[in-house]
Amino acid sequence: MAKKTGPRMTFRHHTPSRAINGYRQMEEYFCDVRSFFEVLNVRFSIPEYGVGLQPIGGQALFSNANSYLLSDDSSYPFYLWLPTWLGRFYLDPTTVPPGTAVDDCPMGQARLLAFVWPWLGFNDAYLDDAEPECWFGVCEPSPADLHEKAVVTAEKIFLYFRLERTRERETNGWTTGGFRGAEIGCDLQGRWFLRRVPLSELTTYHGIEKNVIAPLGELFHRLQHPGGGVPQLTTVQLPQTRPRQAAAIRSDGQIDGGGR
């Protein structure tokens, strides 16, 4: 006679009531993320720091959570449904060939991609939990096919960027390194510049301007007009953060409208 087992667990007694408050708090966070990127869109469109930038992917955000499947082929474990990484990539629209959509701009033409990735600071396979922060910078990626669309290259960067494997040095407040192709799981070569800032420093327009928009715009402009190796940038004083690995894992290579 088969041994009887206890009843299957359904909803635990405390989770529904806690979920309401948790949902409301996360809703507030995602509203702030939307406002943050709206501010970036307006400011990046003005070439105040030498270059105007336009986002890739339209109104969609890159996200590290994009599936609510319950079967074994789900993209992520159930506890990673909620996106902890959200992000956007940007390029200089003056590099886009006439009649070509921004997303379809060949990387050989675009050459540079800027990125801004807010992170909640937890639930990442490659990083210790940390204070919520924003990762931003500029990449000069070189895919095997220079006709590759900018949005495809951006997806590769979002998926395969690994600070721990490709970090080389600190230069004028920027962490720098190279992609090194197969070593990180894809065909990308080229270099990247990265800076991190706690989200607590981005609660005002001034904080966003000083800590993200100005340094990113200046860096992009100087890399776009090379004149002597590593760009000599104005140092922006930021709170010290411990160097960490970059994560952002995606399985299907699609841009999810809900985030990174």
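Which residues have the most contacts inside the largest nonpolar core? Select Phe89, Leu91, Leu113, Trp117 and Trp135, which hold that place in a core of 31 residues. A nonpolar core here is a set of buried Ala, Val, Leu, Ile, Met, Phe, Trp, Tyr and Cys residues joined through side-chain atoms within 4.5 Å, where buried means under 20% relative accessible area with a 1.4 Å probe and protein chains only, exposed means over 50%, and partly exposed lies in between.

Next, colour strand E3 (86-91), helix H2 (107-110), strand E4 (113-119), strand E5 (133-142), helix H3 (150-160) and strand E8 (189-198), each of which supplies at least two residues of this core. The largest share, 5 residues, comes from H3.

This is a predicted model, in which local features need pLDDT of at least 70 and side-chain atom pairs count only at pLDDT 80 or more, while totals for chains, interfaces and linings use all residues. Residues are numbered from 1 along each chain as its sequence is written, and side-chain values use heavy atoms, with hydrogens and water left out.

Now centre on Leu91, which, leaving aside its neighbours within four places in sequence, is in contact (heavy atoms within 4.5 Å) with residues including Gly52, Ile56, Val102, Ala150 and Phe220. Then select Val39, Leu86, Tyr90 and Val197, which are among the 30 residues of a second, separate core.

Finally, zoom out to the whole protein, which has 5 helices and 8 strands, taken as DSSP runs (H or I, at least four residues, for helices; E, at least two, for strands) numbered from the N terminus. Buried residues make up 48% of its 260 residues.
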